[in-house]
Structures are given as structure tokens and as C-alpha cells.
Amino acid sequence: MNVEKTSAIEHYVNEEPFDPRAIETMTPEQEKVFLASQKRLMWWKFKRHRVAVISGLFLAFIYLATLISEVIAPYSLETRNSKFIYAPPQGIHLFHEGEFIGPFVYGYKSKLDLDTLRRIYTEDTSDVQKLRFFCSGDAYRFWGFIKGDFHIMCPAEGGQVFLLGSDRLGRDVFSRMIYGARISLTIGLVGISISFVLGIVIGGLAGYYGGWVDLVAQRMIEVIQSLPAIPLWLALAAIMPVTWSPILVYFGITIILGLIDWTGLARAVRSKLLALREEDYILAARLMGAKPSRIIGNHLVPGFMSHLIASATITIPTMILGETALSFLGLGLRSPIVSWGVLLNEAQNINVVALYPWLILPVVPVILVILAFNFFGDGLRDAADPYG
Amino acid sequence: MLGYIIKRAAYMIPTLVLTSILVFALIELPPGDYFESHIAELLASGESVDQQQIEYLRQEYGFDRPPWERYLTWVSGLPFGDFGYSFEHQLPVNEVIGDRLFFTMVVTFFTVIFTWIIAFPIGIYSATHQYSWGDYGLTFLGLIGLATPNFLLALIMMYLANEWFGTSIGGLVDPEYVDQPLSWAKFVSVLEHLWIPVIVIGTSGTAAMIRRVRANLLDELRKPYVTTARAKGVPEFRGLMKYPFRMSLNFFIADIGGILPTIISGAEIVAIVLSLETTGPLLIAALQSQDMYLAGSFLMLLAFLTVIGVLVSDIALAILDPRIRLQGGVSR
């Protein structure tokens, strides 16, 4: 039917030579994706997650900064300014009476309030204290070894600068926060390394051998997971002798955090191994006579490594928060080691929040770092499966 | 089905035995015992020490015998509800815990409800509006709750509540009701104090919950049956609630088991900061003063509840999801 209508259309013949594989050939862009290695695909996928990239850069920046804490902090860790106890944060100004001077702070005049016995600080606008940059200030030992006194920023000669206020001994909160970053940030990394190794070994054994090995590992994981985290930390922290040096306590704490955290990773490894073991390519490798060590090392581990790294990243925040909680209870790190948790320990009661609110500022880096790790881990997790 | 339940229940026994050994080792490991620290404390405060009484207690509770004998005595009492004796409180452990159990349950109950009310709508919204500004904004809010250390949030809330409403937030009831029996007025007073711990404890769990609702729902929404439903003209909301949402709840049922132990342990550190009369601070104090039977039995009770909780959620899942039942597998 409708013969007239179809015949009305002009008969069309393409002049170009016919390529029978026209559908199979790819455009250059498609070819690029098709030939890209897995790592490259992961990188492309990761880059698409903007927030994750920014978080990653932020984390890289602050981890690099912890390498030179001594230089960044205007004061050393234990410098006390007994005249400036509980001084509030000082604002940085640029203009004095309409004239540009460069970054400076006004000096503080302190007065003792005889009713409340509190010191009251007022800015003395005639006392201009110009900040010095790339200067020599408080002496320190770089990483505990090399002597030095170079700082990026120092207070004026005979002056003070408390960007985030000072604490009950007149120590600069900002400087202590920068030193605290070194401990707080590494505690997560060391702890996660311990739990990573434990998780891969135990989960790997359980997943690969199955049978009674699997049964024992499963029960062990169940036992540890059935106990609530904080009491378990407490019990373990109580075992550490009080005579230990602070550095030993530091390692003790990281080991405790790692010992409890591995169960989740081990479960993930086990279930991934069980799933991957049934894949065709593993069967192919086995039929071609590959040894178990080769199958595990070359075929199984790369299959889930990216997943593991992603899920490990997401548990680092738990460790950082765990350290603050332990230090808050007085069972974590102790001075002279300073972490963000130790600093927050100063803000123990409601009076501090009411009178010296700047002492709770160390919570800001805690929140930022945990957010960054969460977003970064999210991005990694998406990128870990670039074909999805 | 019955066979599955029996098999799952049988798995509990070795787990519990292992747990009890671990718990006993944990509370046994710190050097010294309760009596040593107690004597030191008495001497430090200048009080006289009744050596005879302490020697009597030591013998009564077997501190002169090897640890494994004490372990056996302790463990054989547990199944019959004999949790041992708290040296600190000079009461049987049952009574010490029992007093505080009620408040802990109230706090946890409301916290769990709070978390659900917040997390479910947000999770559903985030999943159906993936990568929208609303999705990002709400996820971010949830994450901030997760990232703030709870004890600090508690302090700040306490301060603000005091500034704005003038309520003193120490404890769970107004001081005048502390030793009174439960009455309507006391109940109202509890409710007035309850919202701070509920919000503080709730915020930390909400973010995780939102993410899991979102992830699970997204997985379901990508499946062909949702497209089919939409193609057949099922209204959007009904098409969401009828199957995808219900399917995504599997994880949620698996989670209910995890709630059981928190019902009696609560959030320990927040409870300390807010000086709530819940069981959490009790446990922490017992661990610190080496009041070993109180700490040990308490930990054991928590472990037992976790194991029961996992069992309950496994059975619930097996009933609700025939695929799990047929494979005879364990859900978690």
C-alpha cells in the first residue's frame, strides 16, 4: 500500500565507498577510552569528583605542612607568656589611622578584674606591633634534632601575636594547633597501616583457604565487633603502664586503634576474595597451571586493592576522632606530646566554653580534616570501579 | 526455617565463649587489682585501712587463686544472671546496673527515633535528586554532624541552652526530682532535659545512616524493574515506595541488631560530659577503677546483646527475603 507515496521519494545512493566495518571502528575519543589503562580510567573518574580532588589537595597541603611545623608556628611548643594568660585572639590589621603599614597587631593592655579575678585585655591602639616575616624567633629543634630559629612569621620585637588567643599558661593556641597536627594526622596513618596489614592477612587467609581457617577468623571478627569501641579502647589504654614515655604511649594508642579497626577490612577482603575466586579469569589461570601464589598476587590482589584503599581512607576519620575521645578522657596522649585531642582536653567544662571560647578552636581543623577524608575517600571509592 | 534458626543460634555459643575469655583477659591485664588501688586511695586521703575486711574480700572473691579459677567461677555464674559483686558500689552488679538501665533506654530510644526521622527523608531525597544542590547540601550537613567530636558538641549545646533557655543541663532531671519515684512531673522534667543528649548523640549517627539509605536506594533505582514501572505509568511516588524503597531496607534490618547493645550502653563520653545518669559513665568508671566484675559483666552483657541482635536481624532478614533463606547463608 501507499506505493505512490514511497515512490515519490527520490532514490538515494551514497557515493562514498562502502566500509563494512563502519560500525565497529571508533571515533578517536572512544578509542582513547577503550585503550586507556585501568589506572588512567581511575584517574579520569576520580577527576570528575570535584570535591574529592579539592579535598585531596587540601590533605596533601596540610600533610606537607606538618613536615615543617616548627617553621610555620610563630612560637615554639612550650613558650609561655606569663603576662598574657587567657588572652583572646588578636585581629590582624593593615591600616593604622588611615596609613598603610602592612600586617600588624595592636598590643594588649591587661587589667585584673578584682571582682571575678579575671584578666581583661583591651587593645591599645597606640601600640602598633608590626609582624615580621621570614625572621628569626623562638629557638626550636627541627624534628627534635636540628637547632634553628627560622620562622615564616614572628611577633614584633618585644611584642606578641596570638592569632587564636592563648591558654591557661599563656601559650599560643595557634602554634600548638600546628604542632598538634603532626601527631593527630599521623596517628590515623600509622593506625590504618596496622589495621590494613592485619585485615589483608587475616581476611586473605580466611577467604582463600576457607574451611576451619575461615570459621576461626569469622568468630574472631565477630567477637571483636560485638564489643563497643570506646570501652574496648579504655580497657586497652588502661593496660599501658603509666611509666611509659609519651612517645611509647603514642605508639601504644595507634596500635590500640589499629587492633580494633581491622575487622571491617578483613571482612571486606574475605568477601571480595570469595567473589573473585569464582571469576572465569581465575579459572583460566588455574587451568593454565598458575600457582596459588601467582593467582593471589597477580590476579586476586589487584582486583580488590583499589577498593581496600578507598575503604581504608574512609576509616581514618574514625581513628582521628578516637584519639580525641581518648585524650578527652585523659587516657590518650599526654603532654609534652600535643595533639588536637590533647588541646581539646583543655576545653573540658562549660566555663571554658563560656569564658575562653577560643580554646575550642582546635576542633576546626578536626572537622575540616575529617570532612576532607570523607570526600576524598568517596572519590576514591567511585574511582576504584572505573567500569561502573 | 527452623533448621536455619537452630544453626544460627548454635554459632552463638563459641562466639560468646571466646568473648568471655577476651573480656576476662582485658580486665585482668592491667597491673594490680581493685584492692591495691583502693588501699592506695584510702591511704592518700589519710583514712585508716581495714586490712581484715580487705583480706576477707580478697579471699571471698578468689584473688588468692589463679586467674583461670576466677574466670571459671565468674563465667559459670553468668548464665544464671549472677554477674558478680561491684567492689566500688558494694552492691551486686545487677543492682548497680539496673538502677540506671531505665534512663539509658529512654535516651537511646529517643535518639534512635530522632536518627530515623532525620535520616530517612534526607536519604530518600538525596537518592532521588542525585548530584543536585539539595543532595550535596544535605549530605554536607550530615557529615558535619559526623565530623564534630561529640563531647565538644555536647559542651557547646549545654552552653547555648543555658544562655538561651536558662535550663541547667546537668543530668537528666531537675535536681528536686532526683530521688523521687517516677511521677508525671518527673517525666516532664526528663523530657525537658532529653533533647540535648538526643540531638548530640543523634547527629553522629545520622550521616552514616543518610549515606546508606542513599546508596542502597540508588542501587535499586537503577534496576530495570523501576524503568518498567515508570514506563507503565506508575505514579512517581508510588513507584518509589512500592518496591525500590522496601528493597533498600534490607540493610536497615541488618542494622537493627547493632542497636540493641547501644540501648544499654549509650554514648559513654557524651553522658559523662552531660552528667547523665546512664550506664555509660558507670562502665567507664568501673574500667578506670578496676572494679573488675562490674566492668567485665557489663562488657559481657553488651557482647551478648550484640550477638542476640545479629541473630534477630538475620532471622528477620531470612523471613523477609526468601533469597537469603534458600541459600541458607548469613546476611552480614
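**A two-chain predicted model: questions and answers**

Tutor: This model is predicted. Start with two strands of chain A. Strand S1 (residues 93–96) of chain A pairs with strand S2 (residues 99–113) of chain A in the antiparallel sense, over three bridges.

Student: Which residue in S2(A) is the bridge partner of A:His93?

Tutor: A:His93 lies in strand S1, residues 93–96. Look across to S2(A) for the partner. That residue is A:Phe104.

Student: Which residue in the turn between S1(A) and S2(A) has a positive phi?

Tutor: The two strands form a hairpin, with two residues between them. One residue in that turn has a phi of about 50°. It is A:Glu97.

Student: How many helices and strands are there in chain A?

Tutor: Both kinds of element are present in chain A. The count is 14 helices and five strands.

Student: Why is chain A called more spread out than a compact globule?

Tutor: For 388 residues, the globule rule gives 21 Å. Chain A is well over that value, so it is more spread out than a compact globule. Along its principal axes, the C-alpha trace spans about 105 × 70 × 45 Å. The radius of gyration of chain A is 30 Å.

Student: What share of the residues in chain A is buried?

Tutor: A residue is buried if 20 or more other C-beta atoms lie within 10 Å of its own. Apply that cut-off to the 388 residues of chain A. The buried share is 35%.

Student: What separates the centres of domain 1 and domain 2 of chain A?

Tutor: Domain 1 of chain A covers 87–166, and domain 2 covers 175–383. Take their centres over C-alpha atoms. The separation is 39 Å.

Student: How many residues does each domain of chain B give to the contact between them?

Tutor: Chain B is divided into domain 1 (34–82) and domain 2 (101–320). Their centres are 38 Å apart, taken over C-alpha atoms. The contact takes four residues from domain 1 of chain B and seven residues from domain 2 of chain B.

Student: How do the residues divide by class on the side of chain A that touches chain B?

Tutor: The contact takes 31 residues from chain A and 34 residues from chain B. Elements of chain A that give two or more residues include helix H7 (211–225) and helix H11 (292–328). By class, the residues on the side of chain A are 26 nonpolar, three polar and two charged.

Terms used: Residues are numbered from 1 along each chain as its sequence is written. Chains are lettered from A and ligands numbered from 1 in the order in which they are written. This is a predicted model: local features need pLDDT of at least 70, side-chain atom pairs count only at pLDDT 80 or more; totals for chains, interfaces and linings use all residues. Two residues are in contact if their C-beta atoms, placed from the backbone, lie within 7 Å. Helices (H or I, at least four residues) and strands (E, at least two) are DSSP runs, numbered from the N terminus. Ala, Val, Leu, Ile, Met, Phe, Trp, Tyr, Cys and Pro count as nonpolar, Asp, Glu, Lys and Arg as charged, and the others, Gly among them, as polar. Domain bounds come from an automatic or database domain assignment. Two strands pair if DSSP finds at least two bridges between them. The radius of gyration is taken over C-alpha atoms; the globule rule is 2.2 Å times the number of residues to the power 0.38. A residue is buried if 20 or more other C-beta atoms lie within 10 Å of its own, exposed if 12 or fewer, and partly exposed in between; C-beta atoms are placed from the backbone.
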